[in-house]
Every structure is written in structure tokens, then in C-alpha cells.
Amino acid sequence: PLPFESSNRSFGPGTRSWQLVKPLVEDRHEVLLLGMRIPMTYPADAPAEIVTRHGGLMYSSVRPELFFGASYMDHLADEFRPDAMIFAHGGASFSEQLVQPGIPVWVDLCGHVMAEAQAKAAVYDDDSYLTYFFDKIVPALFIGDAFSTVSDAQEFDLVCELGLAGRLNSKTQNVRLVYPIPCGVEEEGYTHDQTVLRDVEVDRDAFVVLWSGGFNTWSDVDTMLHGVVRAMERDSSIHFVATGGQIDGHDEQTYARFVSMVDASPYRGRFVLKGWLPKELVHNYYFEADVGINCEKDIYEVRLGSKHRVLDWSRAALPVVTTRVTELSSAIENEGAGFVCCPGDPIALAESILDAVRLRATLPGMGARFQTAMRRRFGFRRTTEALREWAREPRSAPDRDRPPMCIHALVSDSR
């Protein structure tokens with residue numbers, strides 16, 4: 001779902017798509033956005049195709065069988081006659097059969113696909129997931145005329161992948177193929193329009209640590225649980241509230257494991273697990289919390305990635321307690337706009353939470369700095385400058401017509 005849709009779920013692909021689309025519409029391009037619905041996110045009886053118009057945007061929300069159906073895509077292309085094609089969050093949306101002949105293609109890879117595969121394989125102890133993700137990403141390396149990543153680190157990782165695919169060749173010697181587009185934040189702030197927490201779920205004076213969103217394979221629930229419990233031992237005002245939960249079809253283990261640890265905690269009564277809530281309610285929790293918490297594993301997926309939810313908290317000026325893994329967390333630390341600690345260290349996490357409690361009176365000011373800094377550094381229009389420039393004059397890469405390079409791997413069996 002896109003941010004303006006009524007839904008009880010919010011996922012990265014929809015948020016990323018809107019980050020790329022909104023500035024293009026504001027630049028007066030006509031945009032047709034074809035969005036594949038994540039299974040189990042929309043009502044089962046929703047029509048196969050829902051088409052809406054928002055100014056220069058035509059948005060077609062469809063079931064997966066339509067999205068990947070060549071005849072449907074061909075019909076849309078014939079009717080719309082696009083000058084360019086963008087795969088927003090390409091790791092989730094890219095399909096070679098959707099590419100239209102002769103049309104320049106921009107592939108956005110919001111996060112490292114194979115690092116995400118590694119994280120999932122580790123949670124499930126099953127390396128068969130590597131093949132599934134590998135098959136999704138490799139065709140995109142050959143088809144894209146330009147690419148975007150979610151971090152500076154991922155930019156150079158993708159350059160290496162393009163080299164292995166033969167895209168660093170004589171024709172592309174002086175051509176930039178990859179541009180970082182960090183996760184962005186809308187400049188419009190949220191409005192607190194309903195009391196959902198204070199004097200409802202917790203006491204008015206409780207210190208609320210908020211988690212919002214899915215419990216994904218990158219979530220370090222062990223460090224978070226032990227760090228929060230350690231902080232609770234030392235300060236009875238601390239309560240933990242979570243909105244969001246299991247990610248059906250992707251990670252159905254992490255949230256269940258966190259719930260079981262909470263149930264075994266001596267402070268079970270100070271944990272409030274709300275599960276997935278209607279999107280129009282969630283932002284109210286931001287206003288009634290004291291800090292948001294983002295606790296990540298120190299793994300490649302996180303090092304190369306970012307976090308939409310942290311930026312979303314800034315729209316309500318909610319300060320953050322976060323582990324220091326992403327480039328985003330480093331930016332927050334450099335701006336003095338949050339509490340940043342080492343990953344995998346529950347003692348350090350507990351101390352950061354307790355620091356926030358001690359500085360509770362100053363948190364509104366920190367939240368205001370956080371909001372201002374994130375808008376300045378990660379506003380939609382600023383982060384998409386390279387894409388917007390390309391869209392003014394879409395162009396194919398000079399090696400577009402070059403056949404893909406065959407790479408033969410020679411493997412020696414030393415067993």
C-alpha cells in the first residue's frame with residue numbers, strides 16, 4: 001500500500017515507491033504507477049484491478065497475477081506510451097518480462113537483495129532462499145540503464161555487481177550507472193488527532209519506548225528485549241509499546257520469538273504489544289511515546305540499508321534510540337538528534353534508554369532537531385535529484401544493445 005491508502009500494514013516497497021513517484025508528479029510528469037499488492041495486505045474480495053487518479057498520477061493497484069501478466073502490461077504500455085520506465089524498489093518489483101522494447105529503464109534497488117537473502121536464510125536456517133533472491137536480482141543487472149541504491153555503501157557494492165555482470169565495459173567507461181537515493185521523509189508533519197495510549201494503555205506519566213512496524217529478519221529482538229528489561233529494572237516508569245508484528249510470507253518467526261520472550265519476562269505487565277493497527281491510528285502513538293526504538297543486527301543487510309520507520313517518526317518529532325549500523329544512524333548521531341549505541345550490546349542499549357529518561361525534559365527539543373535535520377537531509381525532492389534529472393531526458397545506457405556477458409564458473413571439488 002502507498003502511504004495515503006487506508007490499510008493496517010505499511011511496508012518498505014510502498015513507502016519507497018511514493019518517495020520516487022511524488023517528486024516526479026510535482027515536476028509535472030504524467031506518471032502511471034503500477035503497484036503489485038503484497039499478499040494478505042488488501043481485503044480478499046478486493047477487485048483484481050483498482051485504478052485511481054491523483055492529479056498527474058494514475059495509480060493502478062493490482063493482484064500479482066495481473067502485475068506479472070505480459071498482456072496486461074503490454075495493454076498499459078500501448079495506452080500510456082511511456083518515455084521511461086522505473087522499477088521502484090526493484091528488488092521487490094523487477095520482472096524482465098515487464099520491460100518494454102526501446103524504453104529507458106531505471107532500476108531502484110532499495111537495499112541489498114542478496115544481503116536480505118542472507119538474513120532470511122539465517123533466521124530460517126535454510127540456504128535455499130539464496131537461489132530465489134539471486135534469480136530475482138541478476139536479470140535487473142543486465143536490463144537497467146541507470147540504477148539507484150539506498151546508501152552510499154550500497155552504491156559501490158552495486159558497482160561491483162555490475163562489474164561481474166559485464167556492465168563495466170568499454171562503452172560505459174565514462175558513464176555513471178549508479179546513484180544513491182537514501183530513504184526519504186515527507187516534509188508534511190503528522191497531527192495528533194486521537195488519544196490512543198496515555199491513560200488508555202499506560203499511565204499518563206509513564207516513559208514510553210515505542211517500536212512500530214514489522215519485526216523483520218534484521219530485527220535484533222534479543223538485544224532489544226534484554227536491554228529494555230535491564231532499563232526497566234532500574235526505572236519503574238519505563239514501558240515498552242509495539243505496533244506492528246509478523247511479516248506474513250517473509251518473516252514469520254522473529255515476532256513470535258519476541259512475544260515468547262516478553263511473556264517470560266518478569267516485567268510482562270509493562271509491555272504493550274498492539275499488533276498491526278490501521279495506518280490512520282499509528283502516528284498517534286508517535287506523539288504519545290517518549291522515544292522510538294530501532295534495534296538492528298550488525299549484518300550486511302543493515303549496513304547497506306536504511307530504515308523508513310525511523311524517518312517516519314521524525315514527522316512527529318519523536319526522538320530515537322537506535323543502534324549504530326546504518327548510514328542513517330550515523331547521520332542522527334552527527335546531528336545530535338538521538339541516542340545512538342553499539343549494536344548487539346543490551347547494556348549499552350539500556351544506558352541509552354536511561355539517558356533518555358534522565359533527559360526527558362529536553363526530549364521535545366531533541367525531537368524538533370531530529371525533525372528539522374531529517375527534512376533537510378532526506379526530504380523527498382532532495383534525495384531524488386538524480387532521478388528527477390534523468391526523468392527530464394531519459395536515456396539508455398550506451399551498452400544497452402550489447403548481449404549479456406556469459407560468466408563461466410570453474411569449481412574444483414576438493415572433497
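Colleague: How many helices and strands does the chain have?

Modeller: This is a predicted model. The chain has 17 helices and 13 strands.

Colleague: How compact is the chain for its length?

Modeller: Compare the radius of gyration with the globule rule. Here the radius is 22 Å, and the rule gives 22 Å for 415 residues, so the chain is as compact as a globular protein of that length. A box around the C-alpha atoms, taken along the principal axes, is roughly 65 × 60 × 40 Å.

Colleague: What share of the residues is buried?

Modeller: Buried means under 20% relative accessible area. By that cut-off, 53% of the 415 residues are buried. The accessible surface comes to about 19,000 Å². Carbon and sulfur atoms hold 51% of that surface.

Colleague: Which share of the contacts joins residues at least 24 apart?

Modeller: Take contacts between residues at least 6 apart in sequence. Of these, 74% join residues at least 24 apart.

Colleague: And the charges: how far apart are the mean positions of the positive and negative ones?

Modeller: The chain has 42 positive and 58 negative charges. Their mean positions are 3 Å apart.

Colleague: Now the strands. In which sense do S2 and S3 pair, parallel or antiparallel?

Modeller: Look for the bridges. Strand S2 covers residues 49-54, and strand S3 covers residues 57-62. They pair in the antiparallel sense over six bridges.

Colleague: What do S2 and S3 form, and how many residues lie between them?

Modeller: They form a hairpin, with two residues between the strands. In the turn, Gly55 has a positive phi of about 65°.

Colleague: Arg53 is in strand S2. Is Arg53 buried or exposed?

Modeller: Exposed means over 50% relative accessible area. Arg53 has 63% relative accessibility, so Arg53 counts as exposed. Leu32 is 21 residues away from Arg53 along the chain, and their C-alpha atoms are separated by 9.3 Å.

Colleague: What about strand S12: which residues lie on each face?

Modeller: S12 runs over residues 320-323. Val320 and Thr322 lie on one side, and Val321 and Thr323 on the other. All four are buried, and both faces are covered.

Colleague: Which strands pair with S12, and in what sense?

Modeller: Strand S11, residues 291-294, pairs with S12 in the parallel sense over three bridges. Gly292 has Val320 in S12 as its bridge partner. Strand S13, residues 338-341, also pairs with S12 in the parallel sense, over four bridges. There, Val321 stands opposite Phe339 in S13.

Key
Residues numbered from 1 in each chain as written. Predicted model: local features only at pLDDT ≥ 70, side-chain atom pairs only at ≥ 80, totals over all residues. Heavy atoms only, no water. Rg over C-alpha atoms; globule rule 2.2 N^0.38 Å. Buried < 20%, exposed > 50% of the residue type's maximum accessible area, 1.4 Å probe, protein only. Contact = heavy atoms within 4.5 Å. Areas by Shrake-Rupley, 256 points an atom, 1.4 Å probe, with all protein chains shown as cover. Lys, Arg positive; Asp, Glu negative; His and termini not counted. Charge placed at Lys NZ, Arg CZ, Asp CG, Glu CD. Pairing = 2+ DSSP bridges.
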